[in-house]
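The following paragraphs guide the reader through the architecture of a predicted protein model. Please keep the sequence and the structure in view while reading.

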Amino acid sequence: MSRKRRTGASLNSPQRKAVEYGMLLVGSFVLATSFNLFLNPNQLASGGVSGLSVILYHLFHWPPSIVQWALNIPLFLLGFWLLDRQYSMKAAVGSIVLPLFVALTSHLEPLTDNTLLASIYGGMGVGLGIGIVFRGRGSTGGFSIASQILHKYSGISLGVSVAVFDGLVILLAGFVFTPEKALYALIALFVTSKTIDIVQMGWNTSKVAYIISDETDKMREAILFDLDRGVTLLDGAGGYTGDERKVLMAVVSQSEVSKLKMLVRSVDAEAFIILCPAQEVLGEGFRAV
């Protein structure tokens with residue numbers, strides 16, 4: 001059986017860069033639309049610069065886009081100075097484009113005044129937008145830059161640094177609006193994080209199979225030629241006997257799990273199989289890198 005090597009486009013090719021900037025624009029537009037349709041009208045400040053702009057809009061009627069520009073641009077310049085002089089130009093573009101889309105979609109009428117629905121669907125929309133931006137190796141700037149600065153100069157983990165800034169915004173929303181609004185904002189933040197994961201890694205969950213068998217060669221051929229999946233041989237040893245043996249590792253799609261188990265049993269009824277979830281698999285036969 002022949003397996004052809006596929007070569008993808010360079011990560012720095014003009015075509016790839018054009019696609020990534022396109023994803024940055026699309027993701028920013030989706031994020032801005034969700035902000036104006038769900039979050040801002042329902043006083044949901046679910047963290048970040050956008051959350052702070054919600055609070056300031058309802059306190060002083062300052063346009064959210066102006067607030068976001070006023071915070072994003074200085075934060076980017078600070079990050080460029082303190083973090084890395086080669087800081088991605090996409091962060092600069094995102095810092096400018098996102099507030100622009102917020103301004104352009106500010107005329108949209110909210111789709112619901114139900115706070116729970118707004119927190120769920122607003123969180124999904126924001127997560128979808130951010131996920132698209134991340135898939136394009138981009139950034140919308142904002143407090144993500146401040147989090148990286150805090151992480152670099154304090155030693156606090158990046159995850160905790162992000163939580164600190166989002167937590168402060170949501171806490172402030174609890175004082176400015178109501179504690180209930182802050183709780184809904186937490187729901188929106190949770191939905192956002194889960195949606196980002198789905199966009200980043202996809203819905204399809206593959207399985208990693210570890211197979212221990214006395215019929216290693218026959219098992220390897222069956223997986224390679226009958227199942228048409230690659231297989232890797234790992235060195236192993238019995239914990240009780242100390243005998244050296246090979247462990248076969250193969251990655252299969254969810255729909256192929258039953259076929260794999262039947263195939264293994266047909267070759268060696270005494271084989272030992274371990275199946276583990278693999279959230280994302282990239283490469284030949286699966287999703288492109």
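Strands and helices are taken here as DSSP runs, numbered from the N terminus, with at least two residues (E) for a strand and at least four (H or I) for a helix. S1 and S3 pair in the antiparallel sense over six bridges, where pairing requires that DSSP find at least two bridges between two strands. Strand S1, residues 206–212, is also joined to S4 by seven bridges, again antiparallel. Within that pairing, Ser206 is partnered by Ala278, and Lys207 by Pro277.

Together, four strands form an open antiparallel sheet in the order S2-S3-S1-S4. Strand S2 (232–237) and strand S4 (272–278) stand at the edges with a single partner strand each, so one side of each has no neighbour in the sheet. From one strand to the next, the twist averages 25°; angles run from 0 to 180 degrees between the N-to-C directions of axes, which are lines fitted to C-alpha atoms, for helices over the stretch in contact.

Two helices pack on this sheet. Helix H9 (residues 216–226) touches S1, S2 and strand S3 (244–252), and its direction makes about 10° with that of S3; contact means heavy atoms within 4.5 Å. Helix H10 (residues 257–267) touches S1, S3 and S4, its direction making about 165° with that of S4.

A salt bridge places a side-chain nitrogen of Lys or Arg within 4 Å of a carboxyl oxygen of Asp or Glu, and the count by this rule is five. In one of them, Arg245 is joined to Asp214, with the closest N and O atoms 2.7 Å apart. This pair links distant parts of the chain, 31 residues apart: Arg245 lies in strand S3 and Asp214 in the loop between S1 and H9.

The model also contains pockets, the largest of which is lined by 35 residues; Gly48, Ile130, Thr140, Ser144 and Asp166 lie nearest its centre. A pocket is an open set of points on a 1 Å grid over the protein atoms alone, where a 1.4 Å probe fits, with protein on both sides within 12 Å along at least five of seven lines; lining residues have an atom within 4 Å of a point. H8 supplies the largest share of this lining, five residues.

Residues are numbered from 1 along each chain as its sequence is written. In this predicted model, local features need pLDDT of at least 70 and side-chain atom pairs count only at pLDDT 80 or more, while totals for chains, interfaces and linings use all residues, and side-chain values use heavy atoms, leaving out hydrogens and water.
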